[in-house]
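This report describes the fold of a single protein, from its overall dimensions down to selected residues. The sequence and the structure are shown first.

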Amino acid sequence: MNANVAPERVVSLIDGEWVDARGPRLAIHYPATGAQVSELAEADAEEVDRAVRAARRAFENRSWSRMPVEARQALLMKCHDIVLAHADELALLECLNLGVSLRELKERHIRRAAFNFRFFSEVIGQGAGEVYDQTAGYRSIVVREPVGVAALIAPWNAPTALASMKVAAALAFGNTCVLKPSEQTPLALARFVELLHEAGVPPGVVNLVNGRGPVTGAALVANPEVDLISFTGGTETGRAIMAEAGRRLKPCTMELGGKSANIIFASADYDRALDAALASIFSNNGQQCLAGSRILVEKPIADRFIADFTARAARIRIGDPMDEATELGPLASAGHRDRVLSYAGIARSEGLEILHGGAAPQGLPEALWGGYFVQPTVALAPTNGARTCQEEIFGPFATIQVFDGYAEAMDKANDTAFGLVSYVWSDHLPTIERATRDLRSGVVWVNTTMTRELRAPFGGYKDSGVGRESGPACRDFYTEAKTITVPAEPITPRRLGA
Ligand code: NDP
């Protein structure tokens with residue numbers, strides 16, 4: 001492990017300056033060993049207020065919010081380039097507090113973070129307004145203006161990939177922002193925000209505060225100078241934030257949890273469906289909102305699939321995320337590891353059969369004994385009502401259920417409080433057509449693992465969220481619409497009191 005790259009302490013970055021918080025110090029651990037690699041200085045409400053006021057000043061001085069589009073595009077591309085140029089460093093920092101494999105972080109997360117800036121630079125280059133001239137003698141045009149100060153709250157499971165989407169979108173449409181990462185995973189994002197300043201983002205436009213959700217996050221959400229809130233995280237936290245935002249009439253988007261069905265029909269390309277089912281649940285160490293955690297397999301292929309899936313899960317290489325050969329690293333924190341493991345006990349008590357896993361792995365090298373590892377876990381569930389089939393476990397924990405026919409597949413798939421994504425595997429076109437119509441989720445992936453199309457809306461039905469992310473959806477969220485109505489010729493108003 002190369003822990004030297006991590007700063008001794010992570011602090012807030014306000015108005016372009018590092019600020020040492022007075023609040024408590026919180027330890028940051030490398031999940032593969034449990035060793036402390038850094039510490040975080042928690043921002044209190046007063047420090048959060050400084051950050052929000054810096055963002056407000058940067059917004060009000062207008063040089064940012066009214067920057068010509070081509071200049072803004074050039075700056076966003078500089079952000080893209082600088083993030084990509086520091087991909088190795090950012091991936092290492094992320095790995096040190098997240099434990100996802102260095103390879104996955106470099107190849108997917110950090111590339112995606114850079115791409116988010118390029119994507120939004122292209123989106124704003126193609127923006128167009130609306131014109132209405134149906135009212136005789138008048139023309140109305142609709143222009144878009146930035147909203148103001150955005151509070152951006154990011155989770156720990158893919159910190160830079162997810163937070164960068166919010167920052168890039170907020171900036172592209174002329175807003176300023178205050179970013180609050182999860183207190184477990186602040187390392188790469190601190191460097192990321194510093195890099196944006198090096199790329200030329202003016203002081204005060206992107207501010208960073210660090211600390212726990214109920215302290216720093218809650219202070220940010222409650223700050224009256226915050227104009228809009230973009231949140232990615234758990235459903236219960238989302239509910240609480242949205243209630244507070246509602247009290248203040250602040251718009252918000254909520255990207256929340258999932259318990260996504262991965263439906264494998266007997267008509268599927270078996271080998272691809274098997275490979276994808278494993279990747280869909282065990283990537284990112286199982287910590288993904290869009291994991292295919294609820295596998296539904298059709299009866300004629302069920303015995304073979306369950307045997308093959310379990311055998312492959314048992315062969316997944318668990319180990320040091322810095323090692324190129326590792327397929328499954330540790331979970332992000334000890335507390336999360338304990339929570340995920342508790343579901344093995346819950347599963348057994350509810351009559352599920354644990355086919356593999358459900359415990360910490362044995363036989364790891366001594367250096368990793370303090371790490372937060374969990375075996376890839378496979379449980380066979382007799383009913384969809386089991387807690388392990390209804391609650392988001394957010395770890396390497398797959399449940400498998402067998403279904404008999406299309407109607408039962410849809411009933412089971414939709415029998416959930418969530419509705420983020422669904423996966424369907426079949427080579428029978430009418431089955432695919434029906435399923436894409438009948439599934440109640442914001443995204444349906446057919447014969448593929450997760451493939452995020454940034455141009456298309458992403459977000460959840462039901463308890464999986466409110467609002468969408470995409471070029472047009474972000475434009476709608478991060479801008480106010482202003483209608484300007486002008487008569488074609490001088491009007492003659494009614495002459496009251498003449
Ligand atoms: P949490 O909801 O616990 O936290 C998310 C963020 O909110 C963190 O930065 C957290 O800070 C902060 N937070 C917590 N409480 C408050 C509060 N009262 N006020 C303001 N901010 C607060 O989720 P996790 O970090 O545990 O992330 C995992 C969850 O995120 C999963 O349920 C997953 O499904 C969901 N998720 C959804 C995605 C989507 O796009 N739909 C993508 C990725 C994850 P801190 O951690 O420092 O306490």
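Among contacts between residues at least 6 apart in sequence, 75% join residues that are at least 24 apart. The model from which this value was computed is a predicted one.

**Overall architecture**

The protein contains 15 helices and 21 strands. Its C-alpha trace spans about 90 × 55 × 40 Å along the principal axes. The radius of gyration is 24 Å, which agrees with the value near 23 Å that a compact globule of 498 residues would have. Of these 498 residues, 56% count as buried. The accessible surface comes to about 20500 Å², and carbon and sulfur atoms account for 51% of that area. As to charge, there are 51 positive and 59 negative side chains, and the centres of the two sets lie 5 Å apart.

**Two enclosed strands**

Strand 8 covers residues 149–153, and five of its five residues are buried. On one side of strand 8 the buried residues are Val149, Ala151 and Ile153, and on the other they are Ala150 and Leu152, so that both faces are covered. Strand 8 pairs with strand 9 (residues 176–180) in the parallel sense, over five bridges. Within this pairing, the bridge partner of alanine 151 is valine 178 in strand 9.

Strand 14 covers residues 294–298; because five of its five residues are buried, strand 14 is largely enclosed by the rest of the structure. Both of its faces are covered, with Arg294, Leu296 and Glu298 buried on one side and Ile295 and Val297 buried on the other. The parallel partner of strand 14 is strand 13 (residues 261–264), and the two are joined over four bridges. One of the bridge pairs is formed by alanine 261 and arginine 294, the latter in strand 14.

**Buried residues and their surroundings**

The table gives one C-alpha to C-alpha distance for each of them.

| Residue | Other residue | Separation in sequence | C-alpha to C-alpha distance |
|---|---|---|---|
| Leucine 179 | Leucine 75 | 104 residues | 19 Å |
| Threonine 253 | Phenylalanine 477 | 224 residues | 8.0 Å |
| Alanine 168 | Phenylalanine 120 | 48 residues | 6.5 Å |

Leucine 179 is placed in strand 9, and its relative accessibility of 0% means that it counts as buried. Not counting residues up to four places away in sequence, leucine 179 touches Leu152, Ala163, Val167, Leu189, Val193, Asn207, Leu208 and Val209. Of these, Leu152 is one of the buried residues of strand 8, the strand with which strand 9 pairs.

Threonine 253 belongs to strand 12 (residues 252–255). With a relative accessible area of 7%, threonine 253 is buried, since the cut-off for a buried residue is under 20%. Beyond its neighbours within four places in sequence, threonine 253 is in contact with Ile229, Ser230, Phe231, Val466, Gly467 and Phe477. Phe477 is also the residue listed for threonine 253 in the table.

Alanine 168 lies in helix 5 (residues 159–172) and is likewise buried, at 0% relative accessibility. Leaving out residues up to four places away in sequence, alanine 168 touches Leu76, Asn116, Phe117 and Phe120.

Most residues other than glycine have a negative phi. Which values of phi are found at arginine 62 and lysine 462? Arginine 62, which is not a glycine, has a positive phi of about 75°. Arginine 62 is placed in the loop between helix 1 (45–60) and helix 2 (69–85), and is partly exposed, with a relative accessible area of 45%. Lysine 462 also has a positive value, with phi near 50°. Lysine 462 lies in the loop between strand 19 (443–446) and strand 20 (465–466). Its relative accessible area is 37%, and lysine 462 is therefore partly exposed.

How values were computed: Residues numbered from 1 in each chain as written. Predicted model: local features only at pLDDT ≥ 70, side-chain atom pairs only at ≥ 80, totals over all residues. Heavy atoms only, no water. Rg over C-alpha atoms; globule rule 2.2 N^0.38 Å. Buried < 20%, exposed > 50% of the residue type's maximum accessible area, 1.4 Å probe, protein only. Contact = heavy atoms within 4.5 Å. Areas by Shrake-Rupley, 256 points an atom, 1.4 Å probe, with all protein chains shown as cover. Lys, Arg positive; Asp, Glu negative; His and termini not counted. Charge placed at Lys NZ, Arg CZ, Asp CG, Glu CD. Pairing = 2+ DSSP bridges.
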